[in-house]
Amino acid sequence: MTIRSVILGCGGYLPERVVGNQELAERLDTSDDWISQRTGIRQRHIAADGQLTSDLAVIAAQRAIEHAGIGVDEIDLVVVATATPDNTFPATATRVQARLGMKRGAAFDVQAVCSGFIYGLSVADNFIKAGQAKTVLVIGAETFSRILDWEDRQTCVLFGDGAGAVVLRAEDTQSQGILSTHIHSDGTLYDLLYVDGGPSSTGTAGHLRMEGKEVFRHAVHRLSEVVVEALAAHQLTPRDIDWLVPHQANLRIIEGVGRKLALPAERVVVTVDRHANTSAASIPLALAEAVHDGRIKRGEMILLEALGGGLTWGAALIRW
Ligand code: UT7
């Protein structure tokens, strides 16, 4: 018997308000040209006042549940990957659990910033393989607009808000599902990408700070490494990959990994132009888009990869 986590359904949600580069250029010393040439970003979605991470997460989750064709009473576990929880505690996942109308199961958050969805998927997959859960909802949801320093042009132009979700189900199958997840961190690089606040340090939420160039350098190196590690674990070659669904931080990083795998550009799912960097939400949002528009089909091999604050990074291989 081979128990695998099969993705039954996926969904995404973006807040209504769209902010283009030009709007930012009107109030900051930046330009549409700089932002689009250095990052590939043209616009981002920003949550409305009072619209919380859990609000985005609930809509994405409802769409994933509907796509999966299951009832909420079947869900054993809710994992929310977020670095922008509604409150310091309880976990945003518990609010999502309640709002979905779940009367049983467990719910908790996972915090690995932009690698959060891969970490959450890894945790969920291990719960399923250990037999501790049968049906798991994994959500990546963020409102990074709330922790940006809107006067810091080096960071505020890069991020957006959004949420994406998948429903995993334990199935006895060799032909489908998550083949493996690979997660890593290097805490000595904590200061390259962090928030300068928190309940134990300043008592305030703080703002995101990043050494962009250094993070970029580590991203190219670590993502290439983890992609090789994931393929080697299954004696696969880049030619076996049908789709790369990367974390969406910078088009230049995405294209760098695509080139490493010698994947044609049309086999790489890109949303960074329209969503910007939505941290833990970026992969499930990109996945939902490519599944719902018919690009990703059952039986195809998907590679996910991400790097974020910590530094943390990881990859997952999935037979869709
Ligand atoms: O998701 C988590 C992981 N995060 C990432 O993967 C992000 C990785 N880093 C990056 O994507 C890139 O490093 C950035 C997009 C953040 C920056 O691009 P870069 O090519 O590394 O630019 P830079 O930081 O070296 O800045 C180049 C110049 C500087 O001016 P000088 O010193 O050359 O005069 C910056 O001050 O661009 C300037 N600059 C800007 N100019 C206009 C920085 N931000 C802006 C801006 N508009 N928004």
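Buried here means under 20% relative accessible area and exposed means over 50%, with partly exposed in between (1.4 Å probe, protein chains only). Accessible areas come from the Shrake-Rupley method with a 1.4 Å probe, and for residues only the protein chains shown count as cover. The model is a predicted one, with local features needing pLDDT of at least 70 and side-chain atom pairs counting only at pLDDT 80 or more, while totals for chains, interfaces and linings use all residues. Residues are numbered from 1 along each chain as its sequence is written, and side-chain values use heavy atoms, with hydrogens and water left out.

Met-210 belongs to strand β10, residues 208–210; helices (H or I, at least four residues) and strands (E, at least two) are DSSP runs, numbered from the N terminus. Once neighbours within four places in sequence are set aside, the contacts (heavy atoms within 4.5 Å) of Met-210 are Thr-155, Leu-158, Leu-192, Leu-193 and Val-215. Gly-294 is another matter: 84 residues separate it from Met-210 along the chain, and the two C-alpha atoms are 36 Å apart.

On to the ligand. It sits in the second largest pocket. On a 1 Å grid over the protein atoms alone, a pocket is an open set of points with protein on both sides within 12 Å along at least five of seven lines, whereas a cavity is a set where a 1.4 Å probe fits but cannot get out; lining residues have an atom within 4 Å of a point. A molecule counts as sitting in one if more than half of its atoms lie within 2 Å of its grid points. There are 23 residues around the ligand, and Thr-30, Lys-213, His-247, Asn-250 and Asn-277 come nearest; to be near, a residue needs a heavy atom within 4 Å of the molecule. Helices α2 (32–39), α6 (153–156), α7 (212–232) and α8 (251–260) each put at least two residues into this shell, and α7 gives the most, with four.

Polar contacts are pairs of N or O atoms within 3.5 Å; within protein, one must be able to donate a hydrogen and the other to accept it, and residues adjacent in sequence count only if both atoms are side-chain atoms. The side chain of His-247 has an N or O atom 2.8 Å from a ligand oxygen. For Arg-38, a polar side-chain atom lies 2.9 Å from an oxygen of the ligand, and for Trp-34 the distance from a side-chain N or O atom to a ligand oxygen is 3.1 Å. Taken alone, the ligand exposes 960 Å², of which the protein buries 76%.

Most residues other than glycine have a negative phi, and most peptide bonds are trans. Phe-89 and Pro-90, however, are joined by a cis peptide bond with omega about 0 degrees, and Pro-90 is in the loop between β4 (77–81) and α4. Another cis bond links Gly-310 to Leu-311, with omega about -10 degrees; Leu-311 is in the loop between β12 (301–308) and β13 (312–319). Val-113 has a positive phi, near 50 degrees, and is in the loop between β5 (106–110) and α5 (116–129). Gln-235 likewise has phi near 50 degrees, this time in the loop between α7 and β11 (243–246). Val-113 is buried, at 18% relative accessible area, whereas Gln-235 is exposed, at 69%.

Thr-92 is in helix α4 (residues 92–100) and is buried, with a relative accessible area of 1%. Apart from neighbours within four places in sequence, Thr-92 touches Thr-53, Ser-54, Thr-82, Pro-85, Asp-86 and Asp-109. His-67, in helix α3 (residues 53–68), is partly exposed at 34%, and its side chain reaches the backbone nitrogen of Cys-10 at 2.9 Å. Trp-320 comes in the segment after β13 and is buried, at 3%. Beyond its neighbours within four places in sequence, Trp-320 has contacts including Ile-7, Cys-10, Gln-176, Leu-287 and Val-291.
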